[in-house]
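Colleague: Could you walk me through how to read a few features of a model? I would like the general idea and then the case at hand.

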Amino acid sequence: VGPKKEVAECKEKFASSVDPTVSQTFMLDRVFNPEGKSLPPMRGFKYSSWSPLGCDANGRCLLAALTMDNRLTIHANLNRLQWVQLVDLTEIYGERLYEASYKLSKADTPRGELGDFSEFQRRHSMQTPVRMEWSGICTTQQVKHNNECRDVGSVLLAVLFENGNIAVWQFQLPFLGKESITSCNTIESGINSPSVLSWWEYEHNNRKMSGLIVGSAFGPVKILPVNLKAVKGYFTLRQPVVLWQEMDQLPVHSIKCIPLYHPYQKCSCSLVVAARGAYVFWCLLLISKAGLNVHNSHVTGLHSLPIVSMTADKQNGTVYTCSSDGKVRQLIPIFTDVALKFEHQLIKLSEVFGSVRTHGIAVSPCGAYLAVITTEGMINGLHPVNKNYQVQFVTLKTFEEAAAQLLESSVQNLFRQVDLTDLVRWKILKDKHIPQFLQEALDKKIESCGSTYFWRFKLFLLRILYQSMQKAPSEVMWRPSHEDAKILISDSPGMGSTEDDQEEGTSKQASKQSLCNTGKGMDIDDAADDSIPQSSDIGGREPMEEKLLEIQAQIEAVEMHLTREHMKRVLGEVYLHTWITENTSIPTRGVCDFLMSDDGYDDRTARVLIGHILKKMNKQTFPEHCSLCKEILPFTDRKQAVCSNGHIWLRCFLTYQSCQSLVYRRCLLHDSIARHPSPEDPEWIKRLLQGPCTFCDSPVF
């Protein structure tokens, strides 16, 4: 709010002021006085907001976090289980205001000095965040120096401040830090005591419109236009639209915007729902030839206490609300000729978890789970001495519904539907078989469509089935062992084993390890509770081992099919982006020979493509060489390369190059490894290296 020395002097002046309206206001306001002397320290978070998927360097979400001492920062999960702060927006915004003399525009009249308490309050309120929300990803075209156009993604972060102003930050994707900030514009909302913020994004006749919905602690709700001049194909409102104007002292707690399709009007529409006290305010926005139609009303009789949390399933429009007494309401919108109505039903958490108090709810991305934060409720009319906060999960879909949604999905990405796959996984682990209807439906999809998504889904099912049939480990695999496992066999008492016995034991251990590795990416300890007891007699063990070997063979066959499909894609990129006899770092000849080495593999597309590439290579082979001994690295295995001197290098599953460095990346489920892009790589190889895992759709770290 000003130079450090001047701020310290002003604080001392206000704290010791003779006027109690100044001194008491200053001492009790934690924004001015974060230390608080005898008051508890300001630790923890006020609010957090997740960006859409695909905003960070790994194609995952960014996290905007607002701390209790009003500092807004953005974090990213750059390495596995490691969160890094990328930027402090509070500091950057404060510097911008300082340079502009705390004026939002040049036309603003100069205000008073910092020593004036009202000016001191104004400077704090204009940069104290209340809420922040991310927009959807916008795509713009950027013209390069050679007149080529490339698509550049950007995302907006709207930050609502105490004085009603909204700062709209535009970030270029992938977001790397301060250098990725494109612009920052401030909008004056004109709302007193703002409490909540949400993006309004509406698509009409392939034209995307956007705005910001702002709610007040006094009751009003309105949409503000957001002018996105730099974003082509985006439009906004001409003027603000008031959705609710009554100052009825019902504070707006939460706002959700749900895109829906109107079955009677045959067009897309936008449903805005807001929690106001114990009621749900809804507003249906629909663009017709007459203009913007607004229908609004309240849903009453839901809760006897104020709504503490609200969430929405954006796929079907279902809204969930909860109050602190452990009651959750499910509201299903039903369209009528004019507007809509809600059917609601009560979900009593006390029947599932016992007497609980609820503090918040959230629905998973595909609507499979409802997460509920609870503490113990009253027991015999008494409150508990200690509060133990727990996150409980309630399933909202059956296994059959989850499987059907995965089969008919338009997303075709297992990682983005992980809540649905978790329901399927749990069912197979429990029953120890893949249901017949799912197997038949998946085979039909593979025959009719042939998309690699269904092959990946099949691989997922086979791996879970394999895991469910494995013998439960005697101890938890993730727990580190503190015992020294190394013993000298000849010195240990009572061990008169021969070399043959030792070799047999080693081979058994190796085969067991190879079986365990097939189920990579799955939680081994989850299967411990559900695995079936194996019979001690040989007759009971042999059928199980045969079944495991059969499933393992199916897994390897599906993995090989997915590998070949990706090899074809890599070869297609090589053919499109290379000249005659050009040496790329990709082992093109080795990949071609590997594809054609199997006599049973007869793919006309692959043969034609390989023929064109070999003609372009003009009898050149361009083999890879071992960096240690300079020997040729033959392409005999898709997972690793071994030179004649026995040096082993792992292969990148995205480009099939050998990773001849100590640092490489791995997919989230540890299926495969990939190399880091190097500066000399052309753009098309860097684009290949940005892809997800070809087996499980997971991002690569």
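**Reading the backbone, pockets and surface**

Modeller: Tyr656 is buried, with a relative accessible area of 3%; buried means under 20%, exposed over 50%, and partly exposed in between, with a 1.4 Å probe and protein chains only. The model is predicted, so local features need pLDDT of at least 70 and side-chain atom pairs pLDDT 80 or more, while totals for chains, interfaces and linings use all residues. Residues are numbered from 1 along each chain as its sequence is written, and side-chain values use heavy atoms, without hydrogens and water.

Colleague: What is the phi of Tyr656 near, and where is Tyr656 found?

Modeller: The general idea is that most residues other than glycine have a negative phi, and most peptide bonds are trans. Tyr656 has a positive phi, near 65 degrees. Its place is the loop between strand 29 (648-650) and strand 30 (665-666); helices (H or I, at least four residues) and strands (E, at least two) are DSSP runs, numbered from the N terminus.

Colleague: And is Tyr102 buried or exposed?

Modeller: Tyr102 is buried, with a relative accessible area of 5%. Its phi is positive too, about 60 degrees, although Tyr102 is not a glycine. You will find Tyr102 in the loop between helix 3 (89-99) and helix 4 (117-125).

Colleague: Which residues does a cis peptide bond join?

Modeller: Leu173 and Pro174, with omega about -5 degrees. Pro174 sits in the loop between strand 8 (165-172) and strand 9 (181-188).

Colleague: How should I read pockets and cavities?

Modeller: On a 1 Å grid over the protein atoms alone, a cavity is a set of points where a 1.4 Å probe fits but cannot get out, while a pocket is an open set with protein on both sides within 12 Å along at least five of seven lines; lining residues have an atom within 4 Å of a point. The second largest pocket has a volume of about 1500 Å³. Its lining has 40 residues, and the closest to the centre are Asp56, Ala57, Pro174, Lys686 and Gln690. Strand 7 gives the largest share of that lining, five residues.

Colleague: How many nonpolar, polar and charged residues does the lining of that second largest pocket have?

Modeller: It has 17 nonpolar, eleven polar and twelve charged residues. Here Ala, Val, Leu, Ile, Met, Phe, Trp, Tyr, Cys and Pro count as nonpolar, Asp, Glu, Lys and Arg as charged, and the others, Gly among them, as polar.

Colleague: How many cavities of 30 Å³ or more does the structure hold?

Modeller: Two. The largest cavity has a volume of about 110 Å³, and helix 14 gives the most to its lining, with three residues. The second largest cavity holds about 60 Å³ of space, and its lining has seven nonpolar, two polar and no charged residues. Among the residues lining this second largest cavity are Leu72, Tyr93 and Trp169.

Colleague: Finally, which residues make the nonpolar surface patch?

Modeller: Patches are made of residues with over 30% relative accessible area and no salt bridge: like charges are joined within 9 Å, nonpolar side chains (Val, Leu, Ile, Met, Phe, Trp, Tyr) within 5 Å. A salt bridge is a side-chain nitrogen of Lys or Arg within 4 Å of a carboxyl oxygen of Asp or Glu. Here Ile373, Tyr389, Val391 and Phe393 make a patch of about 430 Å². Tyr389 is exposed, with a relative accessible area of 51%.

Methods
Accessible areas come from the Shrake-Rupley method with a 1.4 Å probe; for residues, only the protein chains shown count as cover. Grid points are joined across faces, edges and corners, and a volume is the space filled by probe spheres set on the points.
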